[in-house]
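Notebook open, viewer open. I want to walk through the fold piece by piece and jot down what I look up.

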Amino acid sequence: MPMSASPVVRRVRLGAELRRLRRRQSLTLEQVCGRLGWASTSKLSRIELGQSRPDLADVLDLLDVYEVPPGQRDELIVIARDAATGRGWSRALGEMGERQRAYAELEAGAARIVEYQPAVVPGLLQTPAYARLRVTAGALLHEGVDVEADVRARVLRQDVLRRADPPRYTALLDERVCDPGGAPDDVWRDQLRHLVALADRPHVTIRLLSRDAAAQGGVHPLAAFSYYAYPDPDDPRTVLVETLTTDLRLVTEADLARYERLIDWLLAAALSADESVELLARRLGSALVPRPREPRDVAVPEPH
């Protein structure tokens, strides 16, 4: 189902705006909380860091303290409502685990998504059978994973590429992503077909980095990452860096500038979109050729 702007993105945006307003008034966290009768500064700190769902009444009180004029006030109330909303989210994402939900919330409402993957097909491009293999492998390190629920969540996330106003999506994949990696032949063939079909969509671009490709100066990403930008330029662009145990969310301008520069270098080093699809098609053609059977052991008759 189509979703509006991500609450998590709007929370970060709201927090940054409220922090700027407080500093413009030369007020400390303690002074604001004292005026509002809040027991501690942790509540305001979490709101400013975008770490909690804000209560609209609390935001209205803060806008009063900061003496925000009517036009700016109305704009911030809209952002606060987006940040606090549960509109369709609990129902649509209720089955997702914490890490899947983080990706889904950032994907929703995005205008541009760029993903780099060095070893596996990204979740938005996975077939259910391939996703099941990846989730099952991950469950070896993460106990208690509901494999089928996780697969359904990945498939649900893919609706973002089918919505009426899909983001411009670019996948930057190392060539070894094209290798079966132990996947059964039928699963891998279907996954290759799926990649070729997706690349035909006008808003989806797949770019492969050949084995000998090198970004400018030999710079190479140390981990998979995803980059998100939004239609409202004041909504925070975000990078999510994938690690074994958790995902690191980056929103500072300095961090984003480095990753945007890295994306440009990777795009310059990658095969073109047409060349990438041709390579995928060749790999698919090879995958469709039956493998030669191993010669059977021939019994040698014992000499009489």
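Below are my entries, starting with the ground rules and moving on to the sheet and the helices.

**Ground rules**

I am working on a predicted model, in which local features need pLDDT of at least 70, side-chain atom pairs count only at pLDDT 80 or more, and totals for chains, interfaces and linings use all residues. Residues are numbered from 1 along each chain as its sequence is written, and side-chain values use heavy atoms, with hydrogens and water left out.

**Whole chain**

I counted elements first: the chain has 12 helices and 6 strands. Helices (H or I, at least four residues) and strands (E, at least two) are DSSP runs, numbered from the N terminus. Next I looked up burial, and 42% of the 304 residues in the chain are buried. Buried means under 20% relative accessible area, exposed over 50%, and partly exposed in between, with a 1.4 Å probe and protein chains only. Then I checked contacts (heavy atoms within 4.5 Å). Of those with a separation of 6 or more, 73% come from residues 24 or more positions apart.

**The sheet**

What is the strand order in the sheet? I read it as S3-S2-S1-S4-S5-S6, an open sheet of 6 strands with mixed pairing. Two strands count as paired if DSSP finds at least two bridges between them. S3 and S6 (247-250) are the edge strands, each pairing on one side only. From one strand to the next, the twist averages 15°.

I went to S2 (residues 168-174) next. Is S2 largely enclosed or open? It is largely enclosed by the rest of the structure, because 6 of its 7 residues are buried. S2 runs parallel to S1 (residues 112-117), and 6 bridges join them.

Together with helix H10 (residues 185-199), S2 and S3 make a right-handed β-α-β unit. Right-handed here means that, with the strands pointing away from the viewer, the path from the first strand over the helix to the second runs clockwise.

I noted two bridge pairs: glutamate 242 with aspartate 247 in S6, and leucine 240 with arginine 249 in S6.

**Helices on the sheet**

Helix H11 (residues 253-269) lies across S1, S2, S3, S4, S5 and S6, and runs at about 110° to S4.

How many of the residues of H7 are buried? I get 7 of its 10, so mostly covered. Among them are Tyr103, Leu106 and Glu107. After H7 comes glycine 109, with a positive phi near 80°.

**Helix pairs**

H7 and H9 (residues 147-157) pack at an angle of about 5°, with their axes 10 Å apart. That makes H7 roughly parallel to H9 (under 35 degrees; over 145 is roughly antiparallel, 65 to 115 roughly perpendicular, and the rest oblique). At this contact, Gln100, Tyr103, Ala104 and Glu107 in H7 meet Asp150, Ala153, Arg154 and Arg157 in H9.

I zoomed in on aspartate 150, which lies in H9. Aspartate 150 is buried, with a relative accessible area of 17%. Not counting residues up to four places away in sequence, aspartate 150 touches Gln100 and Val135.

Last entry: helix H8 (residues 128-138) and H10 pack at an angle of about 120°, with axes 8 Å apart. That makes H8 oblique to H10. Ala129, Tyr130 and Leu133 in H8 meet Val187, Trp188 and Gln191 in H10.

How values were computed: Axes are lines fitted to C-alpha atoms, for helices over the stretch in contact, and angles run from 0 to 180 degrees between N-to-C directions.
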